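Subject: Structure handover

Hello,

Here is the structure we talked about. Please open it first, then read the notes below.

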Amino acid sequence: MKSVRALMQAHPQARFWGIALALYALWWLGYEQVLRPDGRLDAALSAQVAWAAAWGLRVFGFAAAVAPGNLRMVTMAGDPAVLVGSPCNGLVLYALFAGFVLAQPDNGRRKGRFIVIGVATLYLVNVLRVAALALNHTYWYHTVDFNHHYTFTFVAYAVILGLWGWWAQQQPAAPTPAT
């Protein structure tokens with residue numbers, strides 16, 4: 001009978017799915033059971049994304065700010081524009097991206113660097129998405145719902161798929177298992 005290690009080496013798909021399942025279980029226990037009910041991590045990340053989006057808009061000359069009474073709310077010229085809720089702060093996307101990379105075979109140093117690059121890219125995309133939604137709400141409010149649910153979701157997942165594709169192309173060729 002083959003050992004688990006030999007099975008994982010001979011079947012890289014089994015290794016990937018085994019690690020992915022273990023990471024999902026860790027996510028479920030750590031986030032769904034502890035961090036999400038506590039709410040502080042989501043609130044801090046949502047506030048940070050709102051602040052960065054408002055800052056970026058101000059750099060380009062827009063009268064954007066974070067509402068003093070709600071640090072997750074981006075305002076345009078004093079009017080509420082975007083509320084960054086927990087589902088939209090990017091945390092789940094960062095975990096999904098990192099989990100995929102961690103489940104792939106490679107050394108830890110390369111994985112660590114790529115996860116940092118990928119999460120930073122996804123954070124920037126999310127900040128740009130929130131800023132674009134604030135502009136969308138201010139200038140073309142009738143399309144906000146569509147863009148929030150479809151356009152920007154498509155863009156975020158396209159970036160993730162692009163990063164995963166880039167990661168997969170960088171992988172060294174796997175050795176052929178001996179028979």
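Which residues in α4 meet which residues in α5? From α4 they are L93, Y94, F97, A98, V101 and L102. Their partners in α5 are K111, F114, I115, G118, V119, L122, Y123 and N126. By class, this contact has 11 nonpolar, two polar and one charged residues. Bear in mind that the model is predicted.

Now the geometry of that pair. Helix α4 covers residues 91–103. It packs against α5 at an angle of about 155°, and the two axes are 10 Å apart. Angles over 145 degrees count as roughly antiparallel, so α4 is roughly antiparallel to α5. Their crossing is right-handed.

Next, the other partner of α5. Helix α5 spans residues 108–139, and helix α6 spans residues 144–170. Their axes come within 11 Å and cross at roughly 160°. That angle makes α5 roughly antiparallel to α6. α5 passes α6 in a right-handed crossing. By class, the contact of α5 with α6 has 15 nonpolar, seven polar and three charged residues.

Last, helix α2. It runs over residues 12–38, 27 residues in total. From first C-alpha to last, α2 reaches 37 Å. That is close to the 39 Å expected at 1.5 Å a residue. Where is α2 kinked? The kink is centred on Y31 and is about 35°. Look just after α2 as well: G39 takes a positive phi of about 85° there.

Best wishes

Definitions and conventions
Residues numbered from 1 in each chain as written. Predicted model: local features only at pLDDT ≥ 70, side-chain atom pairs only at ≥ 80, totals over all residues. Heavy atoms only, no water. Helix = DSSP H or I, 4+ residues; strand = E, 2+ residues; numbered from the N terminus. Expected span 1.5 Å × (residues − 1). Bend = angle between axes of the 7 residues up to and from the residue. Axes fitted to C-alpha atoms, helices over the stretch in contact; angles between N-to-C directions. Parallel < 35°, antiparallel > 145°, perpendicular 65-115°, else oblique. Left-handed = near helix turned anticlockwise from the far one by under 90°. Nonpolar A, V, L, I, M, F, W, Y, C, P; charged D, E, K, R; others polar. Contact = heavy atoms within 4.5 Å.
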